[in-house]
Amino acid sequence: GELRSPVNGTVLRRSRFVGERCDVGVPILTVVEETSERVVVYYPQSSREIPDVGDTISLQVPPYSGDFDCIVESVADGFEPAPKQIARHYAEDEKLLPVRVRTTGALTADSLRLGAVVVLPNKRINLLDAMP
């Protein structure tokens with residue numbers, strides 16, 4: 001037989017092996033649609049710099065060097081618990097605000113892998129400038 005997907009995308013998981021029997025309605029593959037890949041940045045409650053829709057923010061995507069600009073597409077209406085993938089970096093009861101961004105320029109959605117970690121760049125303060 002031949003399997004065909006109604007969408008372009010990446011195979012995320014195989015649920016069955018070649019030659020294995022499969023009942024009707026049981027998924028064989030999990031496919032992530034190309035256009036569904038978006039970056040979500042989680043801002044903690046204590047953050048003073050929540051961007052607005054249309055703002056440009058800089059992100060870092062290890063192991064790539066340098067900052068990459070992204071445009072904010074949406075900001076969630078409320079705070080929510082941290083996803084389990086990043087929960088260890090936050091206090092147990094800390095709530096986060098999801099901000100969805102679209103990549104532009106040097107970093108494309110194709111450069112990102114599913115589950116990749118993006119971070120806000122550290123702001124470096126020149127101590128000589130900070131002194132009175």
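**Close-up views of a predicted chain**

**Figure 1. Confidence and overall layout of the predicted model.** In this predicted model, confidence within the chain is lowest in helix α1 (residues 127-130), where the mean pLDDT is 50, and highest in strand β6 (residues 80-81), where it reaches 92. Averaged over the chain, pLDDT is 78, and 79% of the residues score at least 70. The chain contains seven strands and one helix, arranged along the sequence as β-β-β-β-β-β-β-α. Of the 132 residues in the chain, 17% are buried. The chain exposes about 10500 Å², and 50% of this area comes from carbon and sulfur atoms. When contacts between residues at least 6 apart in sequence are considered, 55% of them join residues at least 24 apart.

**Figure 2. The largest nonpolar core.** In soluble globular proteins, nonpolar side chains tend to be buried together. The largest nonpolar core of this chain has 13 residues. Val39, Val41, Tyr43, Ile57, Leu59, Val101 and Val118 are the members with the most contacts inside this core. At least two core residues come from each of the strands β3 (39-44), β4 (56-59), β5 and β7.

**Figure 3. The salt bridge between Arg102 and Glu73.** The structure holds two salt bridges, and this view shows the one in which the side chains of Arg102 and Glu73 meet, with an N to O distance of 3.2 Å. The pair links distant parts of the chain, since Arg102 belongs to strand β7 (residues 95-103) and Glu73 to strand β5 (residues 68-75), 29 residues apart. Arg102 has a relative accessible area of 36% and is therefore partly exposed. Glu73 is also classed as partly exposed, because its relative accessibility is 33%.

**Figure 4. The salt bridge between Arg21 and Asp23.** Here a salt bridge joins Asp23 to Arg21, and their closest N and O atoms are 2.5 Å apart.

**Figure 5. A nonpolar patch on the surface.** Six residues, Leu3, Val7, Val11, Ile28, Leu29 and Val31, form a nonpolar patch on the surface. Together they have about 440 Å² of accessible area. One of these residues, Val31, is found in strand β2 (residues 29-33). Val31 has a relative accessibility of 34%, so this residue counts as partly exposed.

Figure 6. Arg13 is part of strand β1 (residues 9-14). Which residues does Arg13 contact, leaving aside its neighbours within four places in sequence? They are Ile28, Leu29 and Thr30. Arg13 and Ile28 are 15 residues apart in sequence, and their C-alpha atoms are 8.6 Å apart in space. Val18 is located in the loop between β1 and β2. The C-alpha atom of Val18 is separated by 9.9 Å from that of Ile28, and the two residues are ten residues apart along the chain. Val18 counts as exposed because its relative accessibility is 86%.

Figure 7. Gln60 has its place in the loop between β4 and β5. Not counting residues up to four places away in sequence, Gln60 touches Gly66, Asp67, Val117, Val118, Val119 and Pro121. One of these, Val118, is also among the residues with the most contacts inside the largest nonpolar core. Gln60 and Val117 are 57 residues apart in sequence, while their C-alpha atoms are 8.8 Å apart in space.

Key. Residues are numbered from 1 along each chain as its sequence is written. This is a predicted model: local features need pLDDT of at least 70, side-chain atom pairs count only at pLDDT 80 or more; totals for chains, interfaces and linings use all residues. Side-chain values use heavy atoms; hydrogens and water are left out. Helices (H or I, at least four residues) and strands (E, at least two) are DSSP runs, numbered from the N terminus. Buried means under 20% relative accessible area, exposed over 50%, partly exposed in between (1.4 Å probe, protein chains only). Contact means heavy atoms within 4.5 Å. Accessible areas come from the Shrake-Rupley method with a 1.4 Å probe; for residues, only the protein chains shown count as cover. A salt bridge is a side-chain nitrogen of Lys or Arg within 4 Å of a carboxyl oxygen of Asp or Glu. Patches are made of residues with over 30% relative accessible area and no salt bridge: like charges are joined within 9 Å, nonpolar side chains (Val, Leu, Ile, Met, Phe, Trp, Tyr) within 5 Å. A nonpolar core is a set of buried Ala, Val, Leu, Ile, Met, Phe, Trp, Tyr and Cys residues joined through side-chain atoms within 4.5 Å. pLDDT is the predictor's confidence in each residue, from 0 to 100.
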